[in-house]
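Please examine the structure shown here together with its sequence. The report that follows is written for a reader who is new to protein structure.

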Amino acid sequence: MGSLSPELQERLSQPLHIGNVQVDSRVLQSPLSGVTDLVFRRLVRRYAPTSMMYTEMVQASSLRHLKAIPKIMEVDPGERPISIQLFDCRPDFLAEAAQVAVAQGADTIDINMGCPVNKITKNGGGSSLLRQPELAAKIVKTVVAAVAIPVTVKTRIGWDEDEITILDFAARMEAAGAAMITVHGRTRAQGYNGTAKWEWIRRVKQISQIPVIANGDIFSVESAVACLEATGADGIMCSRGTL
């Protein structure tokens, strides 16, 4: 693993445990809206057969009004490990959607609390939940109670430079029952611009008992190694870098 310290290299050589789900790779494929469909995931699996894959994010409330399961929730029977990502701001809708995801074959449920896009945040989803930590915790608790598989969270370090709240937020998510947290090292205001602040991911790792996955500015093997060394994270999640 390149220049990883012996201690970190030894830890990362072991399987990743997300609750009771074992994943034999520490490199995860991030959910990407309009990208990580079934065909894309099949392509990625040619090179990463044991990595955790994620569907595109699914709006929980929309499932109530659909007569058929949306195509973005389509999962191959042998496609493991696989996580279905959901977003919304209503705990009961998310709990119902999580049960649908379990029926579809999900190994874990991921709740998007990091998307910076206005059409998501203005309706209370994505990174807007960083400003509503009590609601975010209620969402996790409700979904955890509704399904028998691990529930994870993907988020950012804060709303903007004046509201970097990830340490308190991550602690709340863990206390609520999240089995893993993925932290994108940017604020909502940054979008995908500027540099990911990996130091905040390291600080989250230092206070967390659950696995912490680092996300942001990982575009090569070298940057992956640098991120793991800088953060001490339990793994990395590749997003645009895969493209």
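## Basis of the description

This is a predicted model, in which local features need pLDDT of at least 70 and side-chain atom pairs count only at pLDDT 80 or more, while totals for chains, interfaces and linings use all residues. Residues are numbered from 1 along each chain as its sequence is written, and side-chain values use heavy atoms, with hydrogens and water left out.

## Helix H3

Helices (H or I, at least four residues) and strands (E, at least two) are DSSP runs, numbered from the N terminus. Helix H3 covers residues 91–104, 14 residues in total, and reaches 20 Å from its first C-alpha to its last. This is close to the 20 Å expected at 1.5 Å a residue, where the expected span is 1.5 Å times one less than the number of residues. After H3 comes Gly105, with a positive phi near 110°.

Buried means under 20% relative accessible area, exposed over 50%, and partly exposed in between (1.4 Å probe, protein chains only). The buried residues of H3 are Pro91, Phe93, Leu94, Ala95, Ala97, Ala98 and Ala101. They pack against strand E6 (82–87), strand E7 (108–113) and helix H5 (133–146); contact means heavy atoms within 4.5 Å.

## Packing of H3 with H5

Two packed helices are described by the angle between their axes and the distance between the axes. H3 and H5 pack at about 35°, and their axes are 8 Å apart. Axes are lines fitted to C-alpha atoms, for helices over the stretch in contact, and angles run from 0 to 180 degrees between N-to-C directions.

On the H3 side, Pro91, Leu94, Ala95, Ala98 and Gln99 take part; they meet Leu135, Lys138, Ile139, Thr142, Val143 and Ala146 in H5.

## Nonpolar cores

A nonpolar core is a set of buried Ala, Val, Leu, Ile, Met, Phe, Trp, Tyr and Cys residues joined through side-chain atoms within 4.5 Å. The largest has 60 residues, and Ile109, Met113, Val143 and Met173 have the most contacts inside it. A second, separate core of 11 residues includes Leu28, Ala179, Met180 and Met237.

Leu8 lies in helix H1 (residues 6–12) and is buried, with a relative accessible area of 7%. Leaving aside neighbours within four places in sequence, Leu8 is in contact with Leu228, Glu229, Gly232 and Ala233.

Thr182 belongs to strand E9 (residues 180–187). Thr182 counts as buried because its relative accessibility is 0%. Beyond neighbours within four places in sequence, its contacts are Val153, Lys154, Thr155, Ile213, Asn215 and Met237.
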